[in-house]
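Morning, everyone. I have one structure to walk through today. Please look at it first, and then I will talk.

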Amino acid sequence: MADGDSTIKRGRKFDQVLAGAQQIFLKDGFDGASVDDIAKAAGVSKATLYSYFPDKRLLFMEVARRECEAQADAAEALVDTSLPLRDILMLAGRSIVGAMSRQFNIRMYRMCVAESERFPQVGELFYEFGPALVRERIGFFLRMFTENGQLKIEDFDLASDQFLQLCRVDLMDRSLFKLETDFSATDVDYVVNNAVEMFLARYAA
């Protein structure tokens with residue numbers, strides 16, 4: 001992990017602690033999550049919990065980091081680079097919407113925004129594990145298709161962010177404000193298809 005990673009001890013019950021923490025953070029939020037409840041959910045003693053994570057913020061961010069990386073890896077594994085460019089962008093867009101609309105991600109997003117005022121490091125680390133990681137993964141494929149002549153991109157970070165935001169148009173706000181949390185495949189494809197069309201109109205070679 002980034003700053004503070006050296007203070008985290010990894011051992012036999014590390015994953016067990018993270019699973020219990022994830023359960024309690026989602027149920028009670030960051031402020032409401034008590035060490036007692038996390039230890040109970042994880043099936044470990046408070047001493048064991050503190051031996052792994054001396055700071056609740058470190059535990060919170062490790063839960064977020066693990067989940068973000070796992071989802072990014074899973075989405076990347078779905079991409080078949082032998083497919084046409086448009087099909088790959090559609091797959092990527094659907095993965096973005098799927099991850100964005102997961103209740104875990106929505107609640108973690110809300111918690112990180114809320115805690116960033118008091119604990120700026122929480123916001124910095126969540127940005128690193130969330131948006132910055134997605135930008136990096138999208139950028140990898142955009143570079144590949146630029147190098148083979150299918151796209152014409154100069155600023156890969158900007159193009160990655162643009163694609164991400166285009167795929168989240170309206171859907172992100174509806175999720176965050178609990179207007180809707182279960183989008184139909186038709187709704188998702190409508191937004192993603194238009195995102196891909198607009199993206200290719202700007203960057204297709």
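I will go from the whole chain to single helices, then to the pocket, then to a few residues.

Ground rules first. This is a predicted model, so to speak of local features I need pLDDT of at least 70, side-chain atom pairs count only at pLDDT 80 or more, and totals for chains, interfaces and linings use all residues. Residues are numbered from 1 along each chain as its sequence is written, and side-chain values use heavy atoms, with hydrogens and water left out.

The overall picture. The protein chain has 11 helices and zero strands. Helices here are DSSP runs of H or I with at least four residues, strands are runs of E with at least two, and both are numbered from the N terminus. The C-alpha trace spans about 60 × 35 × 30 Å along its principal axes. Of the 205 residues, 42% count as buried. Buried means under 20% relative accessible area, exposed means over 50%, and partly exposed is in between, with a 1.4 Å probe and protein chains only. Now contacts, meaning heavy atoms within 4.5 Å. Take those in the chain with a separation of 6 or more: 73% of them are between residues 24 or more positions apart.

Next, helix H1, residues 14-32.

Compare H6. Its 14 residues should span 20 Å at 1.5 Å a residue, and its end C-alpha atoms are 20 Å apart, so the two agree. The buried set in H6 is Phe104, Asn105, Ile106, Met108, Met111, Cys112 and Glu115. Those residues pack against H1, H4, H5, H7 and H10.

H7 next. Val122, Gly123, Leu125, Phe126 and Phe129 are buried there. The buried residues of H7 pack against H4, H6 and H8.

Of its 36 lining residues, Ser95, Ile96, Ala99, Val134 and Leu164 are the closest to its centre. The definition matters to this group. On a 1 Å grid over the protein atoms alone, a pocket is an open set of points with protein on both sides within 12 Å along at least five of seven lines, whereas a cavity is a set of points where a 1.4 Å probe fits but cannot get out; lining residues have an atom within 4 Å of a point.

Which helix gives the most to the lining? H5, with eight residues. H4, H5 (85-100), H6, H7 (120-129), H8 (131-147) and H9 (156-168) each supply at least two. By class, the lining has 27 nonpolar, five polar and four charged residues. Nonpolar covers Ala, Val, Leu, Ile, Met, Phe, Trp, Tyr, Cys and Pro; charged covers Asp, Glu, Lys and Arg; the others, Gly among them, are polar.

Ile88 is in H5. Ile88 is buried because its relative accessible area is 3%. Beyond neighbours within four places in sequence, Ile88 is in contact with Val79, Asp80, Thr81, Leu83 and Phe145.

Leu133 is in H8. With a relative accessible area of 11%, Leu133 is buried too. Leaving out neighbours within four places, Leu133 is in contact with Cys68, Glu69, Ala72, Tyr127 and Glu128.

Arg174 sits in H10, residues 171-176. Is Arg174 buried or exposed? Its relative accessibility is 17%, so Arg174 counts as buried. Outside four places in sequence, its contacts are Leu179, Glu180, Phe183 and Asp187.

Last, Asp170, in the loop between H9 and H10. Its phi is near 70°, a positive value in a residue other than glycine. Most residues other than glycine have a negative phi. At 42% relative accessibility, Asp170 counts as partly exposed.

Definitions and conventions. Expected span 1.5 Å × (residues − 1).
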